[in-house]
Amino acid sequence: MDARATRTLLLVLLAVLGGPHGACAACRWLQRYHVLSAACVRSLGDMGGQFSTESLLIHTNLYMAAHNATYEEKVEFLYESSCQILHLFRTNQKAASGMWNNTELNNFLEVLYRQSSSLKECVYLSKKTSPMRKKVKRYFKKLMAHIQSKNAWELMRKVVKDHLLTLDLLVKLMLNGN
């Protein structure tokens with residue numbers, strides 16, 4: 001049996017044995033999500049510079065959709081959001097160099113990478129992109145265009161901080177059965 005077939009079989013078994021939340025209930029890692037999330041927020045603050053006072057509240061509908069989604073879709077939302085935040089910073093890392101403490105930036109990227117890797121283990125990623133993942137990708141594509149058009153690196157940090165805090169709240173709701 002190849003690795004993909006083994007993983008699929010394992011996911012099916014976990015879905016059957018895992019209780020009401022299916023395969024994602026086996027992802028015990030979510031109970032420690034807040035630890036990595038807090039480390040990411042701390043690194044964002046320690047990077048230096050003042051957070052932007054400009055606000056972008058364009059993610060409200062995205063989070064409402066995530067809140068109303070199934071447990072598995074919420075985990076997928078967390079995974080895709082983490083990947084997109086990582087992509088946002090890696091893509092703009094050189095353009096914003098010199099503005100931030102590189103050690104803290106690297107710490108942030110390392111913790112976020114660990115977070116997205118752990119979430120990936122909780123998500124069954126089919127070849128077809130789900131509607132939830134498409135929404136997240138579309139949102140972050142618009143966000144990146146806005147930030148790059150203004151060279152708004154401090155705004156990017158502020159928006160990402162808001163996202164990380166909101167994702168943390170979503171995980172807390174998930175763990176409480178909401």
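Predicted model: local features only at pLDDT ≥ 70, side-chain atom pairs only at ≥ 80, totals over all residues.
Residues are numbered from 1 along each chain as its sequence is written, and side-chain values use heavy atoms, with hydrogens and water left out. Local features need pLDDT of at least 70 and side-chain atom pairs count only at pLDDT 80 or more, while totals for chains, interfaces and linings use all residues.

The protein contains 7 helices and 0 strands, where helices (H or I, at least four residues) and strands (E, at least two) are DSSP runs numbered from the N terminus. Of its 178 residues, 44% are buried (under 20% relative accessible area, with exposed over 50% and partly exposed in between; 1.4 Å probe, protein chains only). Of the contacts (heavy atoms within 4.5 Å) between residues at least 6 apart in sequence, 84% link residues at least 24 apart. The accessible surface (Shrake-Rupley method, 1.4 Å probe) is about 9700 Å², with carbon and sulfur atoms contributing 55%.

A salt bridge requires a side-chain nitrogen of Lys or Arg within 4 Å of a carboxyl oxygen of Asp or Glu; the count is 3. Arg 133 pairs with Glu 80 at 2.6 Å, N to O. Because Arg 133 belongs to helix H6 (residues 131–150) and Glu 80 to helix H4 (residues 71–92), this pair ties together parts 53 residues apart in sequence. Both Arg 133 and Glu 80 are buried.

In helix H7 (residues 153–175), Lys 158 and Asp 162 are 4 residues apart, about one helical turn, and form a salt bridge at 3.6 Å between the closest N and O atoms. Asp 162 is partly exposed, at 24% relative accessible area. Asp 168 and Lys 172 also form a salt bridge (3.6 Å, N to O); here Asp 168 is buried at 12% relative accessible area, whereas Lys 172 is partly exposed at 44%.
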